Amino acid sequence: MAHTGTAPPAPVGSQYCVCRVELSICGQNLLDRDVTSKSDPFCVLFVEVDGKWVELDRTETAVNNLNPAFAKKFIIDYHFEEVQKLKFALFDQDKSSMQLYEHDFLGEFSCTLGTIVSSKKITRSLLLGNGKPAGKGLITIAAQELSDNRVITLSMAGRKLDKKDLFGKSDPFLEFYKPGDDGKWMLVHRTEVIKYTLDPVWKPFTVPLVSLCDGDVEKLIKVICYDYDSDGGHDFIGEFQTSVARMCEAQDTFPLELECINPKKQKKKKNYKNSGIIIVKSCKITRDFSFLDYILGGCQLMFTVGIDFTASNGNPRDPTSLHYINPLGTNEYLSAIWAVGQIIQDYDSDKMFPALGFGAQLPPDWKVSHEFAINFNPTNPFCSGVEGIVQAYSACLPHIRFYGPTNFSPIVNHVARFAAQAAQQQAAT
């Protein structure tokens with residue numbers, strides 16, 4: 001139900017976290033824009049920002065396929081208190097260009113993220129730019145909340161897979177599926193293709209556990225092995241079903257071996273064993289902690305300011321200078337210090353911030369320094385709060401000479417030493 005009244009105030013406090021939502025995209029009956037083959041579709045997600053559509057992400061291209069299920073998922077922050085307008089546009093890839101006008105338009109669909117989240121899964125008609133239907137084209141969007149921060153890392157290999165290519169071996173890849181709410185298998189992940197081998201070793205990959213099995217390690221998942229064909233007509237090698245709990249039995253020294261079965265071959269051949277072995281070399285579940293997890297867990301940030309006083313910034317007495325000594329008390333550097341500092345200071349308990357400068361000649365001998373305390377106290381460069389940084393900066397500005405070159409490595413090393421000392425203190429306690 002649409003609500004056009006005043007939005008309720010957003011929750012306040014550490015318990016309020018923005019939800020992350022994963023969107024899975026499928027297309028059906030897409031327009032065929034290619035003459036000698038089928039379309040090669042990809043989907044682009046746009047979000048509305050200040051009345052304009054801005055591209056957020058795009059999927060991979062499904063070669064020669066009018067009914068694609070895209071492995072690439074869209075991850076987006078969901079703000080309950082905001083109307084988040086989204087547009088999903090499908091294109092037929094004709095060139096390697098990233099410019100969308102270089103590709104044939106297959107149709108689009110617009111809605112709010114709230115519409116998708118409230119339904120979990122929607123299927124809608126695709127429209128052309130003039131508002132007319134894009135043939136019988138449909139788009140299906142399924143939403144999954146990523147509230148579970150566990151991730152699963154899998155290392156997979158194959159052995160003695162069926163040979164599918166006439167003049168070579170096979171080019172195998174794996175697809176992982178989970179059961180959807182409608183009972184149909186839903187594509188979760190697709191590995192890379194390993195060329196010319198019956199004994200592939202795929203790169204380890206990591207996916208959210210909630211994506212692979214909805215966070216339920218006992219839930220069955222299906223793995224299908226294909227032989228890649230450039231025209232999109234991939235040859236089926238075999239499949240098997242397993243669970244995350246089963247795969248977690250694999251260890252680096254004790255891999256788990258699962259038979260890859262082709263049901264048609266199994267029915268036809270009495271002595272059929274399998275179409276190869278899929279090996280789970282290792283399976284590890286870990287937690288992918290967010291920034292907020294660290295903060296709620298007691299992590300503190302140490303904010304150090306490094307200010308560029310090289311001559312390229314312009315004479316501070318010139319209004320065009322970024323360091324302009326403005327009678328009104330503002331300039332570009334002050335604006336940046338306030339903007340960043342006011343946010344960061346909330347995560348630093350003592351609110352004492354080192355403030356350093358580089359690229360200036362200092363009194364009384366006017367030697368160039370690339371690491372000096374802007375409060376001119378080398379034994380204690382700390383300033384009290386953002387206000388202290390601003391005061392030290394404003395007091396320092398008339399008493400130094402801008403010079404060069406731009407060399408900020410001494411300040412980076414200075415901060416690295418602080419971090420090393422903090423790590424040692426933490427280890428000691």
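Predicted model: local features only at pLDDT ≥ 70, side-chain atom pairs only at ≥ 80, totals over all residues.

Tutor: The buried residues of helix H6 (residues 332-344) pack against strand S17 (305-308) and helix H7 (385-396).

Student: Which residues of H6 are buried, and where around the axis do they lie?

Tutor: In H6, the buried residues are Tyr-333, Leu-334, Ile-337 and Gly-341. Because they cover an arc of only 90 degrees around the axis, they all lie on the same side of H6.

Student: Which exposed residues does the face of H6 turned away from its buried side carry?

Tutor: Exposed here requires a relative accessible area over 50%. On the face of H6 turned away from its buried side, the exposed residues are Glu-332 and Ile-343.

Student: Which residue caps the N-terminal end of H6?

Tutor: The backbone nitrogen of Tyr-333 has a side-chain oxygen of the capping residue 3.0 Å away.

Student: Turning to the largest pocket, which element gives the largest share of its lining?

Tutor: The largest pocket holds about 770 Å³ of space, and of the 31 residues that line it, those closest to its centre are Asn-67, Pro-68, Ala-69, Leu-187 and Arg-190. The elements giving two or more residues to the lining are strand S1 (19-28), strand S8 (133-145), strand S10 (172-179) and strand S11 (185-190). The largest share, four residues, comes from S11.

Technical notes:
Residues numbered from 1 in each chain as written. Heavy atoms only, no water. Buried < 20%, exposed > 50% of the residue type's maximum accessible area, 1.4 Å probe, protein only. Arc of directions from axis to C-beta. Contact = heavy atoms within 4.5 Å. Polar contact = N/O pair within 3.5 Å; in protein donor to acceptor, adjacent residues only side chain to side chain. 1 Å grid on protein atoms, 1.4 Å probe; cavity = no way out; pocket = protein on both sides within 12 Å on 5 of 7 lines; lining within 4 Å. Points joined across faces, edges and corners; volume = space filled by probe spheres on them.
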